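Here are my notes on the model you sent.

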Amino acid sequence: MKPINTFVTAASFIACALLIGCDGSGTQETTEQKTASVVSGQKLLTTEIPPESLEGTPMPIKAPNLVAALKQAPALGVPEHTELLSRGKPVTGSDDFPIIGDLSLITDGDKEGGEGYFVELMNGLQWIQIDLEESANLQGIWIWHFHTQARAYNDVIVQVSDDPEFQTGVTTLFNNDFDNSAGFGKGSERPYVESRFGKLIDAKGTRARYVRLYSNGNSSSDMNHYIEVEVYGTRS
Amino acid sequence: MSASRRVSVAVFLLLVLAAWLRFQGLEKRPLHADEATGAKILAQRMESGTYRFDPSHFHGPMLSTLALPVCRSAGISSWQTMKVLPLRITVAACGLLAVAGTLLLVRERNASWAAAAFVATSPLLVYYSRMFIHEPVFVLFSIPALAGLLALLEQSNHPWRAAISLGVGTGAMAATRETVVISLFCWTIAALPWVLKHHGLKPFLQKYWLQLAGAIGAGLLVVVVCYTPFGTASFFRTFADYQTGAGHDKPLGFYLYMLAAPKQAIGHWWCEGGILILALCTFLKNGRMRGRFLASAGLLHLLVISLIAYKTPWLACLGWFQLCIAAGYGTAQLLQISGTRRKWIPIAAIASLLLFQFQQTRAALRFEWDSRNPYAYVPTVKMIEQLPRFLQNLQEAADNNPPVIVIGSQYWPLPWYLRSVGEVGYLPELPVDAPQRPILLLMPTLSESDVKKLEATHTLIPHGLRANAPMLIAVRNDLWNTYLQQTP
């Protein structure tokens with residue numbers, strides 16, 4: 001083959017490389033919050049909602065999200081002096097060596113969706129545990145697993161206790177393990193699609209120091225992710 | 001230890017490594033949609049002795065021909081009894097034989113070692129040797145075809161043997177995939193400089209026309225034998241009728257990016273660019289025509305499939321296989337020009353490259369069904385393996401063992417996983433009586449308005465199917481409540 005042909009072929013391959021690009025776009029939406037009736041002595045629990053960010057290579061089939069994700073932040077009435085208790089608090093977990101990120105990201109206050117903001121735990125049933133460092137009357141637990149893709153996490157179970165080993169005094173606040181694959185019994189709560197608005201769980205004033213959250217993969221992969229968990233309560 | 005014994009030990013170790021990468025944990029990955037359709041075709045063939053070959057959608061029958069005896073020896077006789085391991089063992093064996101075939105195809109010792117090591121550890125080639133699809137078979141049969149073609153070009157003393165090898169290999173490729181025409185085109189273009197330089201086109205054709213005609217005859221004979229049960233005409237019709245699926249159009253540089261661009265995902269670096277660089281060195285500078293031919297043929301393969309809008313990663317296998325061999329020639333050349341005193345430099349570089357390839361392959365297998373794995377294409381999610389048990393539990397909770405109705409399209413590999421779930425129906429659209437149906441599986445192709453029609457009557461559970469394509473399980477509310485009340 002003549003040199004000119006050689007270089008034309010080589011150049012075409014280099015040109016191919018230059019044509020590659022990743023599409024990524026993010027849009028920002030104004031945070032809306034559903035109005036909820038708040039009784040006297042209560043306030044509406046609010047938090048900063050991260051902007052929507054879509055990323056990832058286009059998939060071969062177009063898969064619209066059949067279950068609509070939340071379009072506005074969930075609402076929960078809580079006592080007036082409710083505060084965020086979990087910011088910066090220590091987090092432990094069943095996976096000591098996360099694949100991406102570290103457990104401290106879960107309580108760092110950052111709810112962006114991209115890499116660097118979430119921790120990825122191994123496949124299978126995994127848990128993370130937040131130590132609030134003192135018992136409190138818990139009012140709400142707000143969870144963001146992953147929100148750059150529409151996906152539902154399996155076996156989402158939220159328990160609270162004053163026992164760090166979760167052997168005694170365990171209260172289950174949420175369980176959507178509909179087939180009892182996690183072994184804690186069937187949960188009647190429905191699986192839900194993740195969104196930037198997160199999942200807000202009513203803690204009903206349960207007194208506890210430790211919050212433990214389980215998950216078992218999701219509808220897109222068998223890994224477990226947490227962007228942020230916020231635990232709200234009253235200290236008295 | 002004598003030199004021949006050292007060679008034998010090294011060959012053995014290389015093949016053990018290749019086998020370990022291809023056969024370990026073969027059944028762990030959830031079945032890909034394409035594997036499931038391939039298994040269904042094989043099952044139809046098993047159950048009825050034949051199957052209706054669809055020239056507009058099917059590839060050739062060679063894959064099922066090879067898998068048939070493997071499955072039968074495993075006691076499989078039907079769709080219901082089918083298991084994943086015998087299917088994947090068939091293609092993994094083809095992948096392993098391709099490594100052994102590389103050792104035979106490349107004559108120079110250093111080039112042969114390096115080429116076989118690159119083929120043995122290439123993440124792309126290993127990954128797709130573990131999937132029940134046509135490419136590992138296609139790559140394997142390219143070896144006799146290439147061996148025959150190269151022997152003819154090198155004016156072998158046994159031109160008829162070369163011609164038969166070329167014909168049979170090409171025929172077997174044609175019985176595997178219709179993309180054999182791309183290979184024939186690329187090989188013809190790559191051979192032209194060689195023919196023109198060493199023979200001249202007319203003298204070459206005058207000298208070998210009989211052997212070339214024999215090769216064509218042998219190829220057609222293989223095609224006729226393979227396609228006869230399904231109608232030989234269908235082989236030729238497939239070139240006119242074949243329709244590619246929608247949604248697979250990708251940019252021109254898709255393959256180059258996938259293989260050669262350094263990228264980080266799932267905590268690992270991914271890049272097989274070292275192979276490409278070595279193959280380019282062979283293409284540009286190598287004195288061996290065999291190496292240059294394989295480099296140019298491999299590059300042409302990648303170029304042609306890059307120019308076609310329809311792209312799937314496994315289509316790169318044959319082109320990359322040839323580039324791995326060309327990289328082997330490049331390695332031998334590096335060792336030659338570095339001299340005896342500085343030989344450790346290329347040896348260290350190649351060893352590092354192989355180690356990096358090995359690490360990537362290990363990562364590709366560790367995250368085999370993770371959609372961020374650059375080699376995983378539309379993988380099926382692992383949680384689908386729990387779906388049959390859940391559906392069976394739902395059916396048990398109902399009194400009359402209701403059927404499961406799958407609604408929408410693009411539901412593969414669901415039929416594979418629903419084999420153990422009593423009666424299953426597939427409907428393209430939401431039926432009028434959907435609100436009365438107890439268990440529905442709603443595919444991602446349905447619209448949100450379809451789903452809204454069931455919101456009042458059914459509990460909707462998002463469930464994984466493929467990465468980024470969740471489906472919905474719709475369970476009628478009365479059945480859902482009964483199911484929840486049952487223990488555990």
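1. In chain B, 72% of the contacts with a separation of 6 or more are between residues 24 or more positions apart. This is a predicted model, and the points below should be read with that in mind. Chain B contains 20 helices and seven strands. Its radius of gyration is 25 Å, close to the 23 Å that the globule rule gives for 488 residues, so chain B is as compact as a globular protein of that length. The C-alpha atoms of chain B fill a box of roughly 80 × 50 × 45 Å along the principal axes. Of its 488 residues, 51% count as buried.

2. Contact between the two involves 11 residues of domain 1 and eight residues of domain 2.

3. The largest nonpolar core has 156 residues, and those touching the most other members are B:Ala115, B:Val119, B:Ala279, B:Phe321, B:Cys324 and B:Ala327. Helix α7 (residues 135-153) of chain B supplies the largest share of this core, 12 residues. Both domain 1 and domain 2 of chain B give residues to this core, so it lies between them. Leaving aside residues up to four places away in sequence, B:Phe321 touches B:Ala98, B:Val119, B:Leu125 and B:Val139. There is also a second, separate core of 40 residues, which includes A:Ile106, A:Leu121, A:Ala150 and A:Leu173. In soluble globular proteins, nonpolar side chains tend to be buried together.

4. Helix α13 (residues 273-285) of chain B has 13 residues and reaches 18 Å from its first C-alpha to its last, close to the 18 Å expected. Its buried residues are B:Ile275, B:Leu276, B:Leu278, B:Ala279, B:Leu280, B:Thr282 and B:Phe283.

5. Helix α2 (residues 33-48) of chain B has 16 residues and reaches 23 Å between its end C-alpha atoms, close to the 22 Å expected. Its buried residues include B:Ala33, B:Ala36, B:Ala39, B:Ile41, B:Leu42 and B:Met46, and also B:Glu35 and B:Arg45. Among the elements covering the buried residues of α2(B) are α3 (62-73), α4 (84-105) and α18 (414-417) of chain B. After α2(B) comes B:Gly49, with a positive phi near 85°.

6. B:Trp79 sits in the loop between α3 and α4 of chain B. Is B:Trp79 buried or partly exposed? B:Trp79 has 16 other C-beta atoms within 10 Å, so it is partly exposed. Not counting residues up to four places away in sequence, B:Trp79 touches B:Lys40, B:Ala43, B:Glu47 and B:Arg419. The C-alpha atoms of B:Trp79 and B:Arg45 are 9.9 Å apart, although 34 residues separate them along the chain.

7. Strand β6 (residues 458-466) of chain B is largely enclosed by the rest of the structure, because eight of its nine residues are buried. β6(B) pairs with strand β7 (residues 469-476) of chain B in the antiparallel sense over seven bridges. One of the bridge partners is B:Val475 in β7(B), which faces B:Thr459. The two strands form a hairpin with two residues between them, and B:Asn468 in the turn has a positive phi of about 70°.

Methods: Residues are numbered from 1 along each chain as its sequence is written. Chains are lettered from A and ligands numbered from 1 in the order in which they are written. A nonpolar core is a set of buried Ala, Val, Leu, Ile, Met, Phe, Trp, Tyr and Cys residues joined through C-beta atoms within 7 Å. A residue is buried if 20 or more other C-beta atoms lie within 10 Å of its own, exposed if 12 or fewer, and partly exposed in between; C-beta atoms are placed from the backbone. Helices (H or I, at least four residues) and strands (E, at least two) are DSSP runs, numbered from the N terminus. Domain bounds come from an automatic or database domain assignment. Two residues are in contact if their C-beta atoms, placed from the backbone, lie within 7 Å. The radius of gyration is taken over C-alpha atoms; the globule rule is 2.2 Å times the number of residues to the power 0.38. Two strands pair if DSSP finds at least two bridges between them. The expected span of a helix is 1.5 Å times one less than its number of residues.
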